[in-house]
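Dear colleague,

Please find below the structure that I am handing over to you.

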Amino acid sequence: MKLVNQVKLVFSSRSINEGFARAALAAFLVQADPTVPQLADIKTAVSEAVTNCIVHAYPGKAGQITLRAALYEGGLVKIVVADRGVGIADVAKAMEPLYTTGDPEERAGLGFAVMQSFMDKVRVTSKPGRGTRVTMSKQLEAADLRQ
Amino acid sequence: MAKVWFIPAGNTLAAYLSGEIDHHAAQMLRREIDAQVDAHMPELLALDFSGVTFMDSSGVGLILGRGRYIASLGGRLTVQNPPAQIRKMLDLARIHYV
């Protein structure tokens, strides 16, 4: 699997940067010519991962979020969203649908469920006190196979 | 950037949402919608998504939160006109729409 192109973005965990991360990623993916639904799926999954960093990883302060996106030959997109925040003690529990440690009145607890539903693969690794890394991938339909 | 504008009509308050609804925008939308609900005390709050171009699960939290709030005042909420990608998110969250 040959790497075609990659980018790395580092930004502050401020909520205004949720839109920045989506827009920057969309701009990077233009070269892969994704369909509108494919692009929306990837933007949504990345928005969830970045929002998790902002809401959970750095409570009460701003920290650093790193977004890496890589495009491979054949249209495979791989994305890593990483923080150096509080980490998750029980990753399996955190990934259960409807589970949230945020405000239960306003947060749906669906972030990981959305990532899993909208991407092909999602892997989460975390160390309490060290941070969390979400790795996601999606195979784009080859442009010449589309109608 | 998300926006919301309101049309009150009788016992209904229609809220027309547009733009991108994420965690950043949801905080502002929540305040604006709740202020209009407090001002009009509608029986029905109709959230219209026809102008929404992006929504992550923060939008689901926004809908569920407004549903709880309007129910606590004796009213109810409907979700209407979601575009295809928004329907995908609503289906995942099992939120009904018209």
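**Contact between the chains**

The contact draws on 17 residues of chain B and 22 residues of chain A. Please note that this is a predicted model. On the side of chain B that touches chain A, the elements giving two or more residues are helix H1 (23-40), helix H2 (57-72) and helix H3 (84-92) of chain B. H2(B) gives the most to that side, with 7 residues. By residue type, the side of chain B that touches chain A comprises 5 nonpolar, 7 polar and 5 charged residues.

**Confidence**

The ipTM of the model is 0.92 and its pTM is 0.93. For chain B the average pLDDT is 97, and 100% of the residues score at least 70.

**Chain B as a whole**

Chain B contains 3 helices and 4 strands, and along the sequence they follow the pattern β-β-α-β-α-β-α. A compact globule of 98 residues would have a radius of gyration near 13 Å, and chain B, with 12 Å, agrees with this. Along the principal axes, the C-alpha atoms of chain B fill a box of roughly 30 × 25 × 20 Å. Of the 98 residues of chain B, 40% count as buried. Considering contacts in chain B between residues at least 6 apart in sequence, 68% join residues at least 24 apart.

**Helix H1 of chain B**

The 18 residues of H1(B) should span 26 Å at 1.5 Å a residue, and the 26 Å between its end C-alpha atoms agrees with that value. The buried residues in H1(B) are B:His23, B:His24, B:Ala25, B:Ala26, B:Leu29, B:Ile33 and B:Val37. Within chain B, these buried residues pack against strand E1 (2-9), strand E2 (12-21), E3 and H2; in chain A, they pack against H1 and H2.

Helix H2 (residues 36-57) of chain A has 22 residues and reaches 31 Å from its first C-alpha to its last, close to the 32 Å expected at 1.5 Å a residue. This helix is mostly covered, since 18 of the 22 residues of H2(A) are buried.

The largest nonpolar core has 60 residues, of which A:Ala45, A:Val46, A:Val81, A:Met115 and B:Ile21 touch the most other members. H2(A) gives the most to this core, with 10 residues. Leaving aside neighbours within four places in sequence, A:Ala45 is in contact with A:Val114, A:Met115, A:Phe118, A:Met119 and A:Met136.

**Backbone points to inspect**

A:Asp33 is placed in the loop between helix H1 (17-29) and H2 of chain A. With 14 other C-beta atoms within 10 Å, A:Asp33 is partly exposed.

Is B:Met41 buried or exposed? B:Met41 counts as exposed because it has 12 other C-beta atoms within 10 Å, and the cut-off for exposed is 12 or fewer.

With kind regards

Definitions and conventions
Residues are numbered from 1 along each chain as its sequence is written. Chains are lettered from A and ligands numbered from 1 in the order in which they are written. This is a predicted model: local features need pLDDT of at least 70, side-chain atom pairs count only at pLDDT 80 or more; totals for chains, interfaces and linings use all residues. Two residues are in contact if their C-beta atoms, placed from the backbone, lie within 7 Å. Ala, Val, Leu, Ile, Met, Phe, Trp, Tyr, Cys and Pro count as nonpolar, Asp, Glu, Lys and Arg as charged, and the others, Gly among them, as polar. The expected span of a helix is 1.5 Å times one less than its number of residues. A residue is buried if 20 or more other C-beta atoms lie within 10 Å of its own, exposed if 12 or fewer, and partly exposed in between; C-beta atoms are placed from the backbone. A nonpolar core is a set of buried Ala, Val, Leu, Ile, Met, Phe, Trp, Tyr and Cys residues joined through C-beta atoms within 7 Å. pLDDT is the predictor's confidence in each residue, from 0 to 100. The radius of gyration is taken over C-alpha atoms; the globule rule is 2.2 Å times the number of residues to the power 0.38.
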